[in-house]
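Let's take a walk through this structure together. Keep the model open beside you and stop wherever you like.

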Amino acid sequence: MIRLVLALFLLHFSNNIFAQDLNYYLPQNINYNQSIPKPEDVIHHQVGEYHVTHDRLVNYMRAVAAANPDRIKIETMGYTYERRPQVLLIITSKKNHENLEQIRQQHLILSDPERSASLSIDNMPIVVYIGHSIHGNEPSGSNASLLTVYYLAAGQGKEIENMLDNTIILFDPSFNPDGLQRFSTWANQHKSKNLVTDPSSREFNEVWPGGRFNHYWFDLNRDWLPAVHPESQNRLAWFHKWKPNILTDHHEQSSNSTFFFQPGVPSRVNPLTPAMNQELTAKLGRYHAANLDEIGSLYFTKEAYDDFYYGKGSTYPDINGAIGILFEQASSRGHAQQTNNGVLTFPFTIRNQFVTALSTIEGAKDLRKEFLQYQRDFYINALKNAAASSTKAYVFGDVNDEARNQLFIEMLQRHEIDVYALNNTIKNVKTTSGNFDFEKGKAYVVPANQPQNGLIKAIFDKTLEYKDSLFYDITAWTMPMAYGIPYSELASNYNKNFLGEKITQSMSATSGTIEKSNYAYLLEWSDFYAPAALYELQQGGLLTKVASRQFSLPVKGTNKEFGYGTILISVQEQKISNDSIYSLMEKVSKKYSVKIHGITSGNVTAGSDLGSRYFINLEQPRLAMIVGTGVNALDAGEVWHVLDQRFNMPLSMLEQGAFNRVDMQKCNTLVMVGGNYNELNKEKLKSWVQSGGTLILCEEAITWAAQNGISQVNFRKPKTGEDSTVKYQYIDREQLTGAQRLSGAIFGVEIDLTHPLAYGYTNKNISVFKGNRVFMEKGKNQFAVPFVYSRLPLQSGWVSAENKKAIENTASVLVNTVGSGRVINIADNPNFRGFWLGGSKLFMNAIFFGRTIDAASGRVE
């Protein structure tokens, strides 16, 4: 009889844990205001019964804000690519709402070291930013946000009132609206009435690219620092509007795990993060442990995850006077999944996220003065550190490409970093790209002596020394190198007279006026947006040519030099009128801030005449990229983004099956990024290249193509990291093998400026980002290798001795001639995370000029 009763109880329990009412989640020792709508009143299902869609999530947030305006104010931060709103709830007591702007202004003084010392924090509320599910297919965070906002809006009693009196809660229910919508649709449409827990079932295995990413398949949890995307830009504006003391970042991890909260691995904390940051993180961790203990949930800390790269949600606050907290909940991925720890239900994952949101707020309230004092000290120490450092400022600027300068300045200003125009020319300054003259009016200065000193160092400094050899993410991201902009530290050679006018907002690069011509126009290729301009000119029906030689001729009465890659538009060769040509030139010049010159004669003063065979006809690119199962979605998304958003160029995205069946003659350029292409018709691909196609291969796609006879590349294999004279222990294996991963570092490359793939570059040394172990041998034909890693290529980042040796003097870019076509092998990622603008020119050159590369230069010898 007892067994029967127990069996019936367990059956009842197991059926009900899959769909819980609020009693499963909420503390039962307080009363709730019945006038506040419960989640199911608005989203039409119980929390955890289905995955909340983003539209219903926003509807509930608006409903709760409308029901309790004394506690909640809702803001729209902005919109995603798919035009979904990013909402932010400001949750606090009625008393605080009545003085909200005054509280905000007073709180900001803590980050101003010139005013903060005398500020009293005795009665100052702490600011806590609670953020959820930046990866759309890690949805327990956003679903838990329904509970947290209900608890804060409806909860009654002195405990809640005291909490709200002492905290300002910035509540972001969805960091990634587009990804959350994509994943919730998938999970809900595959839910059965009788829940299926088999991990191999379709519910738990999304189709490519999955819901993790934003619209362009980017990982938004790597975008806090570069802030390429509107989701990040919108969020950062509110982050700096309030400068919170704590920011939580609710994630999910593998289904067979438990629950992680920080601190992370101690040896992988960025050295710019103060030790007190980790002490406060640990203090707050005790509150998380207590709440998880109370409900019987297992957890771990100080393993697996690190605090090194400042572009993540849990680390960006660490360099901004705050504490970032990463939560990682084992993922049910669907509604209930069998794991090593039993059946993991969606409600269970939601509850863990909910209780740690509450523990964060509770800990923030109790430790309020410690966190406020820490923020004040952080910024006071920033100025002390700046004064003690030998680096007093950073100077940067590309005299040939003002657009990239302005994009870099925009990025700095999003992080509240002050930038000034350079007031005095600085000559013969050593940079990673060689010695430069930084000219007054054409360069910029970032003084180190400002509150954001720590972040400035994180952006500009190179790192070559590390305490650990295992990293969760990249090990280097020196931003001026990424943007391809010459820069240098200023130390004893710095004085305040270098500071000109403060740049209050980024200025669009100006193109100047175009002189109307009946003869020809010349488009300079060094401008960042020149590819966008060229494509629009071609789209307008113009015949275009590229200069494969340098030349000079008079422009507006002054002799001007034109570099490799200059685009020629001869007026008399066009099918449209002179007036239409001029109108198009003016439009494109203003739209893209590129330099276009009207000229009256083809008689050059030096170099090749404009009628020379060295001006080569260009074919308009007709682009496609292989996507889908097996392809690295991040790499593919970067290509899609750079073409669509930066250069306004359409891209056909073909699944491998589509490539196999469609007529590929409609495309003349095909991109393949890292991935597995086993379903691709290899003979068709090779035949397409032989017929004149340009195949651009990036990273691991090079290995696949070489192994399948598409291209001819030999690879250098690095030695293993094991020393045969040393006896290792079993526990050493993870460290040894992990150290051979190339997580992401910056390397110097020497380029041939005369090669079509280098057109538009003006320095023979550039920086590339490498996060793979594709090491191409140069071969005997030196003309096939226009980009080569230097003898000591590492510029910033961690790389094992074995990988460092393997990369020296190998090819960064290698060209193969295959029949009438070209295969362009790019060993690195020229479009990394959308911010590696220094690689954009190489990638666009491959697209526009790949077909112009001399056949003999790409033959394997």
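## A guided walk

Let's begin at Ser 593, which counts as buried at 15% relative accessibility (buried means under 20% relative accessible area, exposed over 50%, partly exposed in between, with a 1.4 Å probe and protein chains only). You'll find Ser 593 in the loop between helix H17 (578-592) and strand E22 (596-599). Helices here are DSSP runs of H or I with at least four residues, strands are runs of E with at least two, and both are numbered from the N terminus. Ser 593 has a phi near 55°, a positive value in a residue other than glycine.

Before moving on, some ground rules: this is a predicted model, where local features need pLDDT of at least 70 and side-chain atom pairs count only at pLDDT 80 or more, while totals for chains, interfaces and linings use all residues. Residues are numbered from 1 along each chain as its sequence is written, and side-chain values use heavy atoms, with hydrogens and water left out.

Ala 304 also isn't a glycine, yet its phi is positive, at about 70°. Look for Ala 304 in the loop between H10 and strand E7 (323-330); at 42% relative accessibility, Ala 304 is partly exposed.

Next come two prolines. Trp 208 and Pro 209 are joined by a cis peptide bond with omega about 5°, and Pro 209 sits in the loop between helix H8 (177-189) and helix H9 (230-242). The bond from Gln 262 to Pro 263 is cis as well, with omega near 20°.

Now for helix H14 (residues 453-460): seven of its eight residues are buried, so the rest of the structure largely encloses it. Among the elements covering those buried residues are helix H12 (368-388), helix H13 (402-414) and strand E14 (444-447), where contact means heavy atoms within 4.5 Å.

How do helix H16 (residues 530-539) and helix H24 (residues 840-849) meet? Their axes come within 11 Å and cross at roughly 25°. Axes are lines fitted to C-alpha atoms, for helices over the stretch in contact, and angles run from 0 to 180 degrees between N-to-C directions. H16 and H24 are therefore roughly parallel to each other (under 35 degrees; over 145 is roughly antiparallel, 65 to 115 roughly perpendicular and the rest oblique). On the H16 side, Pro 531, Leu 534, Tyr 535 and Gln 538 make the contact, while H24 brings Lys 841, Met 844 and Phe 848.

Finally, the structure holds zero disulfides (pairs of cysteine sulfur atoms within 2.5 Å). The sulfur of Cys 667 lies 17 Å from the closest cysteine sulfur, in Cys 698, too far for a bond.
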